[in-house]
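Welcome! Take a moment to look over the model below, and then we will walk through a few of its residues together.

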Amino acid sequence: MSIQNVRLEVMQFLEKNVDAFMENYLIPVEKIWQPSDMLPDSQNENFFEEVRELQAYAKELPYDFWVVLVGDTITEEALPTYESWLMDVEGVDQKGGEDGSGNGWAKWLRHWTGEENRHGDLLNKYLYLSGRVNMREVEITTQYLINDGFDPGTDRDPYKNFVFTSFQELATYVSHNRVAQLAKKNGDHKLSKICKLIAGDEMRHHHAYSEFVDRIFQVDPSEMMKAFHYMMKKKITMPANLIRESGGAIGDAFHNFSESAQRIGVYTAMDYVDILNKLIKRWEIDKVNNLTDEAEKARDYLMKLPDRMARLAERMKISDESHVFKWVTPAIIK
């Protein structure tokens, strides 16, 4: 049987549990929080007073913080790109199912997308109300990011895609959680709560995709190990790596955005290493049995990789100067 057919068979085997995955890791629409729960109510007579209060707290947040928050928002708002990519993964059938909604995996992805979509909605509205950013420039960058597409290097391989999503969901948890901590430190408890809630969703989703990989390790260990090795050797591509400002080239803003995140400790090179270590431990790859010789070599590489990457991370130099983005009003540089 070909590798592709084996993957399809494994996806069909796991699909039998999709309803349980959804019950364990997703929250029903009627029960989950919505963006309007966290923002001033425009139908309330105190709306403008609440907006002024929101803006007063926003004034205390530093420049790099706003760059990172805008970058996080744009990344979340590019969700249509991520959904369309995952919908093409081997084993996901958009057309099947009695109601025409697709097979179990298509159902999972649509419901997962529904939860994720709230994040961009909430952050976008917060940015708009804060009065601290150039929303037109933010919107241009978001449209560019969706237009330019996204290629995490996974092709249609579900094993590689689940490694990517396991990693990325944990990375976004780290970023949103750190932003929440910084907002709280600067006195903005409302924004802190917003980012904390988003971080909670990301962690839940991370646990889901990690379980998918864990189950694949149980039935197809060698191919899963090689897929993990492949993704880490090529390095996980951040969803916003093609981000650009108006008038700029594809990817021109990502380096400066990343430096802002590292400068204020929201997401650093050492966080990348820490996430890799967490995945290695989560999937207990040192204990996986019945590996082929090629898969054994892949495991050896993975076990040594965190230390190698940590040494590289320690030597990284980050500029002390903040790049002036079109997204963020220069007058608020501190």
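A polar contact is a pair of N or O atoms within 3.5 Å; within protein, one of them must be able to donate a hydrogen and the other to accept it. Keep that in mind for arginine 118, whose side chain reaches the backbone oxygen of glutamate 115 at 2.7 Å. Please remember that this is a predicted model.

**Arginine 118**
- You can find arginine 118 in helix H6.
- With a relative accessibility of 5%, arginine 118 counts as buried, because buried means under 20%.
- Besides reaching glutamate 115, the side chain of arginine 118 is joined to that of aspartate 201 by a polar contact of 3.0 Å.
- Not counting residues up to four places away in sequence, arginine 118 touches Ile32, Trp33, Gln34, Pro35 and Asp201.

**The annotated binding site**
- Which residues does UniProt list under "binding site"? The unreviewed entry places this feature at Glu116, Glu169, Glu202 and His205.
- These residues are spread over 90 residues of sequence, yet they cluster in space, with a largest C-alpha distance of 10.5 Å.
- Glu116, Glu169 and Glu202 from this set are part of the lining of the largest cavity.
- Glutamate 116 lies in helix H6 and is buried, with a relative accessible area of 4%.
- Leaving aside neighbours within four places in sequence, glutamate 116 is in contact with Glu76, Leu79, Glu169, Glu202 and His205.
- Glutamate 202 belongs to helix H9, which covers residues 189-219, and it is buried, with a relative accessible area of 1%.
- With neighbours within four places in sequence left aside, the contacts of glutamate 202 are Glu76, Glu116, His119, Glu169, Thr172, Tyr173 and His176.

**Helix H5 and its buried face**
- Which residues of helix H5 (residues 79-86) are buried? They are Leu79, Thr81, Tyr82 and Leu86.
- Seen down the axis of H5, these buried residues fall within an arc of 160°, so they line one face of the helix.
- A handy rule here is that an α-helix has 3.6 residues a turn, so residues three or four places apart point the same way.
- The buried residues of H5 pack against helix H4 (63-77), helix H6 (104-130), helix H7 (135-148) and H8.

**Glutamine 168**
- Glutamine 168 sits in helix H8, residues 158-185.
- Is glutamine 168 buried or exposed? At 8% relative accessibility, glutamine 168 counts as buried.
- Setting aside neighbours within four places in sequence, glutamine 168 is in contact with Ile236, Thr237, Met238 and Pro239.
- For a sense of distance, glutamine 168 and tryptophan 105 are 63 residues apart in sequence and 19 Å apart in space, C-alpha to C-alpha.

**Two loop residues with positive phi**
- Lysine 235 is a residue other than glycine, and its phi has a positive value near 75°.
- Look for lysine 235 in the loop between helix H10 (221-234) and helix H11 (254-263), where it counts as partly exposed at 47% relative accessibility.
- Asparagine 290 is not a glycine either, although its phi is positive at about 60°.
- The loop that holds asparagine 290 runs between helix H12 (269-282) and helix H13 (293-314).
- Asparagine 290 is exposed, with a relative accessible area of 72%.

How values were computed:
Residues numbered from 1 in each chain as written. Predicted model: local features only at pLDDT ≥ 70, side-chain atom pairs only at ≥ 80, totals over all residues. Heavy atoms only, no water. Helix = DSSP H or I, 4+ residues; strand = E, 2+ residues; numbered from the N terminus. Buried < 20%, exposed > 50% of the residue type's maximum accessible area, 1.4 Å probe, protein only. Contact = heavy atoms within 4.5 Å. Arc of directions from axis to C-beta. UniProt positions renumbered as here; feature names shortened; annotations may be inferred. 1 Å grid on protein atoms, 1.4 Å probe; cavity = no way out; pocket = protein on both sides within 12 Å on 5 of 7 lines; lining within 4 Å.
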